Amino acid sequence: MPAAIYPGSFDPLTNGHVSLIQRGLMMFDKVVVAIAVNPKKTPLFSVEERKQLIREAIQDPRVEVDDFQGLLVDYCRRKNVNVIVRGLRAVSDFEYEFQMANMNRKLAGNGVETVFMMTGEDYFYVSSQIVREVASLGGSVKGLVPANVLAKLEARFGRKG
Ligand code: PNS
């Protein structure tokens, strides 16, 4: 079974991401969790913080945590991996994901395929964006993110009940 690249912002890692990585490991020998660095965006956590949070939360030798700048297909080529894994939560994800998958296939000249996995039903409403917003406004995201991410959010925004 080949390796797969699981790209994203992971700002921060959620339990939806963790579930997807764990299920990805049932299909692939190795999953490269690749943080896309976008210099135009100001993230909540730095790339190094995000990498550390993922490494702490997922301690599995089959998971590599890395970051990349530029096009995902160029990163895939550098890593010699031609499968991208993405999670699909709700119908609303479909259009954007369909667009990206097709653009990546066009850019890579059929050299890259995207595999979609359904997000676990417990986490279909969870996104990094909603986690950031709720945590920053004083709501609890307990159970939606790994314990170390929760601690980091509480350190940033204060402890929630
Ligand atoms: O977690 P996200 O923010 O939904 O992930 C989006 C991501 C990082 C996978 C996407 O923006 C991406 O691939 N960025 C790298 C730049 C690139 O290749 N863009 C063209 C994709 S069609």
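## Residues around the ligand

Helix α4 contributes the most to the shell around the ligand, supplying four residues; helices (H or I, at least four residues) and strands (E, at least two) are DSSP runs numbered from the N terminus. The structure is a predicted model, in which local features need pLDDT of at least 70 and side-chain atom pairs count only at pLDDT 80 or more, whereas totals for chains, interfaces and linings use all residues. Residues are numbered from 1 along each chain as its sequence is written, and side-chain values use heavy atoms, with hydrogens and water left out.

Both β1 (3-8) and α4 (91-108) supply at least two residues of the shell. Around the ligand there are 13 residues, of which Ser9, Ala36, Gly70, Leu72 and Arg86 come nearest; a residue is near a molecule if one of its heavy atoms lies within 4 Å of it. By class, the shell has eight nonpolar, four polar and one charged residues. Here Ala, Val, Leu, Ile, Met, Phe, Trp, Tyr, Cys and Pro count as nonpolar, Asp, Glu, Lys and Arg as charged, and the others, Gly among them, as polar.

## Atom pairs with the ligand

A polar side-chain atom of Ser9 lies 2.6 Å from an oxygen atom of the ligand. For Arg86, a polar side-chain atom is 3.0 Å from a ligand oxygen atom. Leu72 instead places a backbone N or O atom 2.8 Å from an oxygen atom of the ligand. The protein buries 71% of the 540 Å² that the ligand exposes when taken alone (Shrake-Rupley method, 1.4 Å probe).

## The largest pocket

The ligand sits in the largest pocket, in that more than half of its atoms lie within 2 Å of the pocket's grid points. A pocket is an open set of points on a 1 Å grid over the protein atoms alone, where a 1.4 Å probe fits, with protein on both sides within 12 Å along at least five of seven lines; lining residues have an atom within 4 Å of a point.

About 1300 Å³ of space lies in this pocket, a volume being the space filled by probe spheres set on the points. Its lining comprises 44 residues, and Gly8, Ser9, Lys41, Arg86 and Tyr96 lie nearest its centre. Elements giving two or more residues to the lining include α1 (15-24), β4 (83-88) and α5 (128-136), while α4 gives the most, with eight. The lining has 20 nonpolar, 16 polar and eight charged residues.

## The loop between β1 and α1

Phe10 is found in the loop between β1 and α1, and its phi is near 50°, a positive value. Pro12 is placed in the loop between β1 and α1; a cis peptide bond with omega of about 5° joins Asp11 and Pro12. Most residues other than glycine have a negative phi, and most peptide bonds are trans.

How values were computed
Polar contact = N/O pair within 3.5 Å; in protein donor to acceptor, adjacent residues only side chain to side chain.
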